[in-house]
Amino acid sequence: MCSIDCATPTACLAGALEALAGEDLEQSFGPAVIERTGSLVLARNRLDAVLARTVREGELTQASEHDGKASMSSWLRGHHRLSQGEASRLVRNGRALEQLPALAAAATAGAVTAEAVSVVAPVASAENLARAEAQDVDVPAIDAALTTVASTRPHAELRQVVGHYLARLDPDGTEPDPTEKRSLSLSKRTDGSLSFHGTLDAIGGEKLQAAVESILQASRPAGDTRTRAQQ
């Protein structure tokens, strides 16, 4: 029997989790284990939704600043040791649930996983909502349709549906970023000398050449016998 004599919902949750952790599973049989697992998955989904909503509230009220952090993402990483990816996912999910009420309701009820919310989240980005408005897309209808898929269909199918929607929303696709192929690696030897290797796109290459040339022209002492490569 779980006690309900607790001061706050989070205190009740802590007591319930302690009771669950203390249960003896060795005496459980297949059907009971399956039922318990299903109940826990449902509870996890609901808890993930509440957590995402709470993180969003922290973001809106700048709560992290009261604890020495500039953002909720940095607070989650610094105080609770979440990875960069997981902290960012929580922030994105909170923003998405704020914009998509049907998805939020299903997630709060436990019918949609946090991973599914993360897949749908790009639909609720400011950029894609602006595109939808410009094209007179019925966002509430999209919210309802994607929620149905997220709560009833396999996860892979949800990814396909979301991808199809985003592709229709922006048929030309995102302009390729020329800086994506830029790279620079530096290797310092034991004697202090340095070797480097890199790749630049056309614009980056022009900038580097211009910078190096300006240094060369500004420092050309008389009688310098070095080759251009040495300079």
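This is a predicted model: local features need pLDDT of at least 70, side-chain atom pairs count only at pLDDT 80 or more; totals for chains, interfaces and linings use all residues.
The chain is divided into two parts, with domain 1 covering residues 40-169 and domain 2 covering residues 190-215. Taken over C-alpha atoms, the centres of domain 1 and domain 2 are 41 Å apart. Another distance can be followed by eye between two single residues. Arg220 and Val123 are 97 residues apart along the chain, and their C-alpha atoms are separated by 56 Å. Arg220 is found in the segment after helix H10 (202-218). With a relative accessible area of 59%, Arg220 is exposed, because the cut-off for that label is over 50%.

Next comes the nonpolar core. In soluble globular proteins, nonpolar side chains tend to be buried together. In this model, the largest nonpolar core has 32 residues. Those with the most contacts inside this core are Leu97, Leu103, Val112, Val120, Leu158 and Val162. Several helices take part: H2, helix H3 (72-80), H4, helix H5 (101-108), H6, helix H8 (139-152) and helix H9 (155-169) each give two or more residues to this core. H4 provides the largest share, with 5 residues. Leu103 makes a handy example to look up in the structure. Once its neighbours within four places in sequence are left aside, Leu103 is in contact with Leu97, Val112, Val117, Val120, Asp143 and Thr147.

Asn45 is also worth a visit. This residue lies in helix H2. Its relative accessibility is 7%, so Asn45 counts as buried, the limit being under 20%. If residues up to four places away in sequence are not counted, Asn45 touches Ala107, Gly110, Val112 and Thr113.

Rolling a probe the size of a water molecule over the atoms shows where empty space is left. The structure holds 1 cavity of 30 Å³ or more, and the volume of the largest cavity is about 80 Å³. Its lining is made up of 13 residues, of which Asp48, Ala49, Ala52, Asn93 and Ala114 are the closest to the centre. Helix H2 (30-60), helix H4 (84-99) and helix H6 (114-120) are the elements that give two or more residues to this lining. Sorted by class, the lining of the largest cavity has 8 nonpolar, 2 polar and 3 charged residues.

Pockets are the open counterpart of cavities. The largest pocket has a volume of about 610 Å³. It is lined by 19 residues, and the closest to its centre are Leu13, Leu17, Ala43, Arg46 and Leu47. Two or more residues of this lining come from each of helix H1 (9-21) and H2, with H2 giving the largest share, 9 residues. By class, the residues lining the largest pocket comprise 13 nonpolar, 3 polar and 3 charged.

The second largest pocket has a volume of about 160 Å³. Its lining consists of Ser183, Leu184, Leu186, Phe196, His197, Gly198, Thr199, Leu200 and Leu208. Here strands come into view: strand S1 (183-188) and strand S2 (194-199) each supply at least two of the lining residues. The largest share, 4 residues, belongs to S2. This lining divides into 5 nonpolar and 4 polar residues, with no charged ones.

Finally, the backbone itself holds a couple of details to look for. Most residues other than glycine have a negative phi, and most peptide bonds are trans. Gln62 is not a glycine, yet its phi is positive, near 55 degrees. This residue lies in the loop between H2 and H3. Gln62 counts as partly exposed because its relative accessible area is 45%, between the limits of 20% and 50%. Arg81 is another residue with a positive phi, about 60 degrees, although it is not a glycine. Arg81 sits in the loop between H3 and H4. At 67% relative accessibility, Arg81 counts as exposed.

Terms used. Residues are numbered from 1 along each chain as its sequence is written. Side-chain values use heavy atoms; hydrogens and water are left out. On a 1 Å grid over the protein atoms alone, a cavity is a set of points where a 1.4 Å probe fits but cannot get out, and a pocket is an open set with protein on both sides within 12 Å along at least five of seven lines; lining residues have an atom within 4 Å of a point. Grid points are joined across faces, edges and corners, and a volume is the space filled by probe spheres set on the points. Ala, Val, Leu, Ile, Met, Phe, Trp, Tyr, Cys and Pro count as nonpolar, Asp, Glu, Lys and Arg as charged, and the others, Gly among them, as polar. A nonpolar core is a set of buried Ala, Val, Leu, Ile, Met, Phe, Trp, Tyr and Cys residues joined through side-chain atoms within 4.5 Å. Buried means under 20% relative accessible area, exposed over 50%, partly exposed in between (1.4 Å probe, protein chains only). Contact means heavy atoms within 4.5 Å. Domain bounds come from an automatic or database domain assignment.
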